[in-house]
Amino acid sequence: MTAGKRIVVVGAGIAGTRAAEALRAAGFDGTLTMVDAEAELPYNRPPLSKEFLTGELDEDDIRLWTAEQVAELQIDLRLATRAVNLDVARRRLAVRSAADGANELAYDQLVLATGVVARRPAAFDELDGVHGLGSLTDARAIRGRLRAKQGPVVVVGGGFIGCEVASVAAACGLDVTIVEAGGNLLSTVFAADLARSLERLHETNGVRVLRGRTVSGLRGQGSVESVELADGTRLPAGVVVLGLGGTPEIGWLNGSGLELGDGIETDDCLRTSAEEVYAIGDAARWRDDATGEHVRHQHWTSAARQGGHVARTLLGSAAPYHQVPYVWTDQHDAQLQIAGAANGDEVRFVDGGPDTDAYVALVRRGSQLAGVIALDRSREFKTLRRTLAASPPWHSVVATAPNPHSQGAFA
């Protein structure tokens, strides 16, 4: 029986909503409260940098819940309410909202699904026309400017979000430049040889890619007019979009007694260092029972699956969480997919290569297959992703993988 039990979830993203849904589906009939700092009904974030910007999807299309679904799930959803402090000894969560001021929520079990906040250096706060992309509010503003053809567009950061926004902006007919501090696009994800096809794709579609360049400042009177690079280059800009990654939303937990680092530290069952407090999603850094390492993934699939997993743990079926991470990105007319690790002791093309428009590459760590990467090779990727789930020896996979255009191996 769970009647009378109080579960509080902080964060209404995919991790938090999936946890709540799984709890109700499993028969939890206690009090379920969800707190989120945004005033929006829960929504799906991946489309913000893709289909929402293009107009293929609108706001109703990306909602995770409608108001009617919230009522059906019997969730006390407190929007525009920020978690500000946690007392693990008393099991009290302090929250604050403009409407209700300061309050405390008592809990029996607490799930932290706070996600990340988009990085925005102070130097980028001074002028109008400069946008991060961490929320629906941000996406609305960027979409409005793209529709109004307010270019040129300069994207600072060549990660997943930066590349996706650049793709959309180019499709809108705008002049677009990506400024990436690393040596290649997706430089924090994988090596330059894997990025060359992607860079060529952007350049073919009219996007200028500047690698190994950093921004020293912005220029303009009230609104941004240009971006100045460290080498003195000035790029005309009517819109600047920041794709600089995200930082775990955990500052409010300082002093709570929870073990914090690059996220909220948990064990392999997603339990934090405090009794009956759990962490999931982009802000959670859990112990992978397969490797013994602590990892944190900012991937939609990881967050969604952790939501369901933690629900089972809350209801008494604790088990180690393990998942082969998966991420995808749509850029121009191509799709890049990554399962498992994107770097290791060896990365080998088994179909295509750095000079082809599509490819499949495998990643080795030690003697095992550790990752699969594919650009516009969905069918082959699907097969190899299933293979990867079984953690096969490297030699057995390489020996049987198709290899018509292999470029050999590279570190």
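Start with α6 (160–171), which provides 4 residues to the lining of the second largest pocket, the largest share. The model is predicted: local features need pLDDT of at least 70 and side-chain atom pairs count only at pLDDT 80 or more, while totals for chains, interfaces and linings use all residues. Residues are numbered from 1 along each chain as its sequence is written, and side-chain values use heavy atoms, with hydrogens and water left out.

Now select the whole lining: S49, K50, E51, T54, E56, E164, S167, V168, A171, D330, Q331 and H332. Helices (H or I, at least four residues) and strands (E, at least two) are DSSP runs, numbered from the N terminus. The pocket holds about 190 Å³ of space. On a 1 Å grid over the protein atoms alone, a pocket is an open set of points with protein on both sides within 12 Å along at least five of seven lines, a cavity is a set where a 1.4 Å probe fits but cannot get out, and lining residues have an atom within 4 Å of a point. Grid points are joined across faces, edges and corners, and a volume is the space filled by probe spheres set on the points.

Next, select A12, D36, E38, E40, L41, P42, Y43 and R45, which line the largest cavity. Its space is about 30 Å³, and a search of the whole structure finds 1 cavity of 30 Å³ or more.

Move to L32, M34, I75 and I280, the residues with the most contacts inside the largest nonpolar core, which has 30 residues. Such a core is a set of buried Ala, Val, Leu, Ile, Met, Phe, Trp, Tyr and Cys residues joined through side-chain atoms within 4.5 Å; buried means under 20% relative accessible area, exposed over 50%, and partly exposed in between (1.4 Å probe, protein chains only). β1 (6–10), α1 (14–25), β2 (31–35), β3 (75–78) and α8 (300–314) each supply at least two of the core residues. Another core, of 26 residues, lies apart from it and includes L48, V165, V168 and A170.

Stay with α8 and pick T313, which is buried at 7% relative accessible area. Beyond neighbours within four places in sequence, T313 is in contact (heavy atoms within 4.5 Å) with C269, Y278, A318 and A319.

Finish at the open sheet of 3 strands, ordered β4-β5-β6 with antiparallel pairing. Strands pair if DSSP finds at least two bridges between them. β4 (81–87) and β6 (101–106) are the edge strands. β4 pairs with β5 (residues 92–97) over 6 bridges; N85 has A94 as its bridge partner.
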